[in-house]
Amino acid sequence: MTETLLHIDHLAVEIAGHRALHDVVLDVPFGGSVGIVGETGSGKSLTCRAALGLLGSIGGSVVAGEATFDGMDLLTLPERKWREIRRYSIGFVPQTSLVSLDPVMRVGGQMAEAVRIVDGRAEAKERCRELLEAVEMPRAEQVLSSYPHELSGGMRQRVMIALALVGRPKLLVADEATTALDVTIQRAILELLDRLRRELDMALVLVTHDLSVVEASCETMTVMYAGATVERGPAAEICARPIHPYSRALIAAQPSMAGATTRLAALSGAPPELGEIPDGCSFAPRCPFATDVCRGGQLSLTPVAPGREVSCRRLDEVLQ
Amino acid sequence: MGPSLLLRRGLQAIAVCAFVVVVTFLLVRIVPGDPVSAISGPQASAETREAIRAELHLESSLPSQFTAYIGDLLQGDLGHSIVQQGKSVTSIIGESLPITLYVVFGALVISAVFGVAFGLLAAVRGGGIDMGTRAAVMVFLAVPPFFLGLLLILLLALEIPVFPAGGWGEGWPQNLEYLVLPSIALSATLMPLVASVTRQAAKDAMRQPWAEAASARGLPARLVVFRHILPNCAASVITLLGFNASVLISGAVVVEAVFGLPGLGQELVTAVTERNYPVIQGIALVTALIVVAINLAADLLSLAVDPRIDPS
Amino acid sequence: MSSLLETRDVTVRYRQDGPAAVAGASARIDAGEALGIVGESGSGKSTFAKVLAGVLAPSGGEVQVKGRRWQEVKRRDPIRRTVQMIFQDPYGALNPWMSARETVAEVFRFWERQSRAQAVEQAEALLAEMGLSKGAMARRPGELSGGQCQRVGIARALACSPDVLIADEPTSALDVSVQAQILNILVGLRETRGLAIVLISHDLAVVRYVSENALVMYAGQVVERGPTADLLGSPWHPYTKILMDAIPGGTGDLKPVRNEIGDGHPCCFAARCPRLQADCQSLSEEAGPREGDRVAHCMHPLPERSEQIEQRAQ
Amino acid sequence: MKLGLRSRGSRGRKRSIALWCGVGLFVAVVLLSILVPIFSAYGPNQLVAKPFQAPSASHLFGTDALGRDLFVRVWAGGRLDLAIAFIVVGISFLVGTLIGIATGASHRRWLDSLVMRFIDALIAFPFLVLILALIVVVGRDRSAWVLPAGAPAIIIAILLIDWSIYGRLARGETLSLRSRDFVTAGQMIGYPQRRIVSRHLLPGVMRITAAYAVADVILVIVATASLSFLGAGVQAPTAEWGSIMYEGRTVLANAWWVSVIPGVVLAFTGLAVGLIADALLNVER
């Protein structure tokens, strides 16, 4: 499969002995855009960490499954190789972007530091300015000599994106890149990411809890619940016609701009916490379709339409 | 816009100085009963009592005593010793202060350098080194500087004679030798604090999203530690050093007694046994003013290292 | 007819000569009404909520609760019970050293002078009504989920039997599925208890779901107000339109721009307004279109009804 | 995202092991200090053997220059040091916490800044210098109640300074808690200020000052010992850790145990207290 840049298959991750991820499936094509959607604790950020080799610092390790990037097996990489991947191949815009710049170092210093490692000493300044231009930063010169706290949220987000672009990556992973931003700025950042993806021929993984963001800006999407992929396929299709009971619940729980005459269909209960993920289908305790069949055993994604897979035991009933 | 932070800090320091002056003034006058007998003791001669009375302007009312005290202060006159043939307190302090400052400065440098090094190492390496550092911090916090001084004398002066056990006054650079052990002994109070604050600050910094973001960008660990983590600890360490200036000077008093250094501490202890009130008062005032000055300096310095504090 | 809660030309400055966080905002809440206050960060909506709640005294203007000025209401005056609030951070809003049950029972003990057993019983009933399990009632906030904490916060407010509940971004720290639960509780409270609700949110869809009236705030001013359906159906003020276009999936035909204007422009949105024209300089207090309850503070309002919203409504 | 339940658990377990080690060690020190002087065959000031005997089975810690048994003297000294520390810490904790919370929660800004500047001034004095000066004022020969000569002066002098640290801590914590939403909620419900302070602020403030109080025990002991070491503290022949070390100072080369053993006991007490304070401070953080 040459057109797949990042391929994650049935990945399972444990943190300090607890199952945190299981059966995560993700395919990112070259130049494509994929959304990962899920609530707190669904394991979307953890999936990003796994793809960047950052599990070690939180005491996690991959226990099963496979992950390849551009044909390279990610699970057997030594730390030195990981550093190269993070530097040159995968750009990462972290969840906490607004506080992801060293507060006591000027923006220019931090950018130059990253640029020098990739491009060497010469003309680092020039490259920094170029990068800020690429992210449509107004008054680049002034930004370079500012401290992070002097910038607005949207500007800091742009700096983080610029930093992710330093190594000319093939893949940009944006973890909740717009969550803390106002809608008008969120809009601008999403448009920027989309433009960058097309112009730099770079794939984009957009992690978010907001379905409408994925619907508007991604080609395909993956819905995650309690550490597993429950449904994946073209974003527009899933949003219009969700199949998995959890995807349905997620969409039904969102208030619509059209204004509803009835109550929101609220799921009862809350997602399981790490270490309390049940056997079998993780969603069974909250699922209106669940029967005893759902509790226990191994689950896998079943194709239901071209490019669409759902992980559910009671597909027949659900589809009716 | 309110007054700038710099100005506010300055005003606060001045307010504290004013309080310090009032407190030192009142120290002797809050004694229940007759301050003169409290200071001189019941068996003192009539001349001594008269000398004390005159020295402290006790014959006039409290407000006029205070104005007289302030007036003397402004002329740099801290009064005169009751013993030592009425030597001026200013000259007593002038002779002994430098020695104390040498020791304090030595201890400050040792604590800062080694404390930061150990703290950073413990935070970055973790595991056994971390546990060891934390245990050492707890033990050393409980070791009074005079006890460490005694141990140092026992080990490095008596058992293995590397340094002199005590003494002073053969001129430079021999005096340097006399400063080594006292400085080490004194740093024992501060170094564990510096180490633990550095460790905590570094651990906090490492947990910050920006530290992880730096690794996620593929920056080498060494660079992250020295270019990012360390500068972020600086403000905490400076604040701590400023905050503990008074602890350091207190420790110096004791350490001087152990090593027989003729510094402020020795003068103070002598003055206490002789109830030499003007000297005590003068030393209390001068040391407090030094502490206020160090605090102010630390405040200003942390403004310089942490751009997030807006000086206006 | 006197309203439940009313403000007139409220101005708030955190520092005497600092910028105004709220500049001349007015609002009125009648019994059983639901009012949404929409705006981005820095629009002054949270500050305005605090003024309405009586915990922040405005630097200028008037706030009245049931015809009495908030400033004159003493701490222990029973009229305090009229207005209660729930907060954005579900954890910070609860005393970390008290269990859910104690937190709610304390209110009953204080206002109703009930015995401990009685108060606990009432608290448990109320918490159960909010959907909290028996086990969760004995726990402290640190051991509860965000959604559970928010329920405790609502129960504490209800224990005062208020007439108005002010909800300051009550769901922005919560997951979508939990948000729906909390929003349903709020809507339910209006129906069962006739509670008036002031909902502060940056999320237009949430405001649309809960409240029939809405204010849009920008830079401390109310730029547009009116029935939510009309206001979002065809926004008059360019800022409202921009907010709506920015929602993912929107067309975004109107975008904020950067106008070089001097300080002291009468329109607070002038610096970013794509429809700015020379005569905007003459914008007065009373300018802008009006129609019944609907007001927009703008010289060049959008007359066109947004077709896109119409389509999505179907 | 919540991460690492187990790791949180194991850290918790390690913390409670540390806590119980500290508590055990501290209880041992307290019990020895109480029991040894009661049950030993001779008193701390009794001459029982030849001077300068090294530690042995009959005299566990050896004997001093006058032939007094150091085991008894060290624990008798511990009793006095602990008593002084408990009195000083107890009163400072109460007074400081109350003043700190009262000024922090007060709406009168001038009162707050007046108290704070006064506390700043007290803290500005190198505490040993101020205590030495105060001891001269109080009179170091006074004895009171069961306290031997010198002890009342030490207690009063340290108290005058020590409360201010609690005051500062309590005020800072009060200010940070005061800005939290649950306090706003309490105000909206209509709770009077007194109730907000006592029910909603005090528990949080006490956690901080109580943890400091534990650590403060050792600081007060060290200060007491330092004063005695300087000759300004407890008067001879009363046994006290600092004074015992002071007496052994001149014979360090020949009879190291006189000075070193009380110092080691002191260090162990400090370790115990440090472990407890550390565990208390880290709970739920």
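This is a predicted model: local features need pLDDT of at least 70, side-chain atom pairs count only at pLDDT 80 or more; totals for chains, interfaces and linings use all residues.
Strand S9 is part of an open sheet in chain C, in which eight strands follow one another in the order S6-S7-S8-S3-S9-S10-S12-S11 with mixed pairing. The edges of this sheet are formed by strand S6 (83-86) and strand S11 (290-291) of chain C, each of which pairs on one side only. Strands of a sheet pair through backbone hydrogen bonds, and they may do so in a parallel or an antiparallel manner. S6(C) and strand S7 (residues 164-168) of chain C run parallel and are joined by four bridges, and the bridge partner that Val83(C) finds in S7(C) is Val164(C). Helix H5 (residues 146-158) of chain C packs on the sheet, where it touches S6 and S7 of chain C, and the direction of this helix makes about 175 degrees with that of S6(C). Helix H9 (residues 238-246) of chain C also packs on the sheet, touching strand S3 (34-38), strand S9 (213-218) and strand S10 (221-227) of chain C, and its direction makes about 100 degrees with that of S9(C).

Over all chains, a search of the whole structure finds 50 salt bridges. Within chain C, the side chains of Glu169(C) and Lys45(C) meet in a salt bridge, with an N to O distance of 3.5 Å. Because Glu169(C) lies in the loop between S7 and helix H6 (176-193) of chain C, while Lys45(C) lies in helix H1 (residues 45-53) of chain C, the pair ties together parts that are 124 residues apart in sequence.

The size of an interface is often given as the accessible area that is lost when the parts come together. Between chain B and chain D about 4,000 Å² is buried, 81% of it on carbon and sulfur atoms, and the contact takes 47 residues from chain B and 45 residues from chain D. Across this interface of chain B and chain D one salt bridge is found, in which the side chains of Arg134(B) and Asp278(D) meet at 2.8 Å, N to O. Three residue pairs, both members at pLDDT 80 or more, are in polar contact between chain B and chain D. On the side of chain B that touches chain D, at least two residues each are supplied by several helices, including helix H1 (5-29), helix H6 (127-142) and helix H13 (277-305) of chain B. The residues of that side comprise 39 nonpolar, six polar and two charged.

The contact between chain B and chain A involves 19 residues of chain B and 24 residues of chain A, and it buries about 2,000 Å², of which 59% comes from carbon and sulfur atoms. In chain B, the most area is lost to chain A by Ala216(B), Arg217(B) and Pro307(B), which together account for 30% of what that side buries. Two salt bridges are counted between chain B and chain A, one of them between Glu113(A) and Arg227(B), whose closest N and O atoms are 3.7 Å apart. Helix H9 (209-216) and helix H10 (221-243) of chain B are the elements giving two or more residues to the side of chain B that touches chain A, and H9(B) provides the largest share, six residues. This side of chain B divides into ten nonpolar, four polar and five charged residues.

Note on methods
Residues are numbered from 1 along each chain as its sequence is written. Chains are lettered from A and ligands numbered from 1 in the order in which they are written. Side-chain values use heavy atoms; hydrogens and water are left out. Two strands pair if DSSP finds at least two bridges between them. Contact means heavy atoms within 4.5 Å. Axes are lines fitted to C-alpha atoms, for helices over the stretch in contact, and angles run from 0 to 180 degrees between N-to-C directions. Buried area is the accessible area (1.4 Å probe) that two parts lose on being put together, summed over both. A salt bridge is a side-chain nitrogen of Lys or Arg within 4 Å of a carboxyl oxygen of Asp or Glu. A polar contact is a pair of N or O atoms within 3.5 Å; within protein, one must be able to donate a hydrogen and the other to accept it, and residues adjacent in sequence count only if both atoms are side-chain atoms. Ala, Val, Leu, Ile, Met, Phe, Trp, Tyr, Cys and Pro count as nonpolar, Asp, Glu, Lys and Arg as charged, and the others, Gly among them, as polar.
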